[in-house]
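Hi there,

Here is the structure I promised to pass on. Have a look at it first, and then read on for my notes.

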Amino acid sequence: MVKIFIDSADIDEIKQAYAWGIADGVTTNPSLLKKAVDKRKKKGQKLNLKTYINEILKVAKGTPVSLEVTETTAAGMIKQGKALYKMFNKVAKNVYIKIPINPAFKNSDSTHFDGIIAIKALSKAKIPTNCTLIFTPEQALLAAKAGASFVSPFAGRVDDFLRINAKLKFTKTDHYPVWGETKGKKLLHDNGIVSGIDLVEQCVRVLKHYNLKTEVLAASLRNTRQVREAAMVGSAIATLPLFVIQDMLKHQKTYEGMKGFTKDIVPAYVALTK
Ligand code: E4P
């Protein structure tokens, strides 16, 4: 069964997903944390970040919560990862440290392997990691080799990339076909990756082939069809914004069916259980 994580740092959203009884974990990132903090600032609410994160961890007790590092060198990420783990794992024993696969900003940077080094060091210290910003199966393979518990291919951002490069008009939540899109007669692809879900599937296939323990965590999913497709290609986990989780249950015919059944209720049937 595909595990559903809530992709948010907003405690209200996290509580909601757990109250529905279907959340198997939480993923946060610096942008999601900024959004949650800004929301509170806008409302004039004071926020103690340590207490706030503690609350997230308690709500998610028994399921993994990814906290991302903000440092961009191996030494920095290892130090920060260990510090975050020490500070927060005692709360509910569910902290996973999120490490970018490659913290470099450009080709000429010398830090390309720093993510791998950090994952390996944290893994050696028995600190579980979620390797983020995965855009190729070979990145996933190296992260798995270094000992990452999860690898996070960013499906939605692959679809964005393909559409932007091809100058196609779209909004971020639009579905992109798993088999890809053509422009002229050419199939759009990024070095053989034809869609975000294709990336997820290629990661799943590569890791499965070698019986690696690392789980694929399909990330950057922005619509329900992507969730269906991530499940169909065998992703162990799908992390979803709250609105996508909500959308998963909606269907016009379900509403219509409810109206019809409610209209036809036989009162004596209801009375049986009163
Ligand atoms: C989760 O781990 C990722 O950080 C998140 O899904 C990214 O989503 P986005 O591409 O919609 O920002």
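Where is the place of K93? K93 sits in the loop between α4 (74-92) and β4. Please keep in mind that this is a predicted model.

I started with the backbone. Most residues other than glycine have a negative phi. K93 has a phi near 55°, which is a positive value in a residue other than glycine. With 66% relative accessibility, K93 counts as exposed, since the cut-off for that class is over 50%. N211 also has a positive phi, near 55°, and is not a glycine either. Its loop is the one between α8 (196-209) and β9 (215-218). N211 is exposed, at a relative accessible area of 71%.

Next, the aromatic rings. How many aromatic pairs does a search of the whole structure find? The search gives three. In one of them, the ring centres of Y96 and F150 are 4.9 Å apart and the planes are at 5°, so this pair is stacked; the cut-off for stacking is under 30 degrees. Y96 belongs to strand β4 (residues 95-100) and F150 to strand β6 (residues 150-153), so the pair ties together parts that lie 54 residues apart in sequence. F150 is buried, as its relative accessible area is 3%, and the limit for buried is under 20%.

Now to the ligand. Which residues are around the ligand? They are D7, T27, N29, K98, F154, R157, A219, S220, R222 and T239. A polar side-chain atom of K98 is 2.7 Å from an oxygen atom of the ligand, and S220 likewise has a polar side-chain atom 2.7 Å from a ligand oxygen. For R222, a polar side-chain atom lies 3.0 Å from an oxygen atom of the ligand. The protein covers 87% of the 340 Å² of accessible area that the ligand has on its own. The space that the ligand takes is the largest pocket.

Is Y255 buried or partly exposed? Y255 is partly exposed, with a relative accessible area of 42%. Between Y255 and E68 there are 40 Å in space, C-alpha to C-alpha, and the two are 187 residues apart in sequence.

Definitions and conventions. Residues are numbered from 1 along each chain as its sequence is written. This is a predicted model: local features need pLDDT of at least 70, side-chain atom pairs count only at pLDDT 80 or more; totals for chains, interfaces and linings use all residues. Side-chain values use heavy atoms; hydrogens and water are left out. Rings of Phe, Tyr and Trp (its six-membered ring) pair if their centres lie within 6.5 Å; planes under 30 degrees apart count as stacked, over 60 as edge-to-face and the rest as tilted. Helices (H or I, at least four residues) and strands (E, at least two) are DSSP runs, numbered from the N terminus. Buried means under 20% relative accessible area, exposed over 50%, partly exposed in between (1.4 Å probe, protein chains only). A residue is near a molecule or strand if one of its heavy atoms lies within 4 Å of it. A polar contact is a pair of N or O atoms within 3.5 Å; within protein, one must be able to donate a hydrogen and the other to accept it, and residues adjacent in sequence count only if both atoms are side-chain atoms. Accessible areas come from the Shrake-Rupley method with a 1.4 Å probe; for residues, only the protein chains shown count as cover. On a 1 Å grid over the protein atoms alone, a cavity is a set of points where a 1.4 Å probe fits but cannot get out, and a pocket is an open set with protein on both sides within 12 Å along at least five of seven lines; lining residues have an atom within 4 Å of a point. A molecule sits in a cavity or pocket if more than half of its atoms lie within 2 Å of its grid points.
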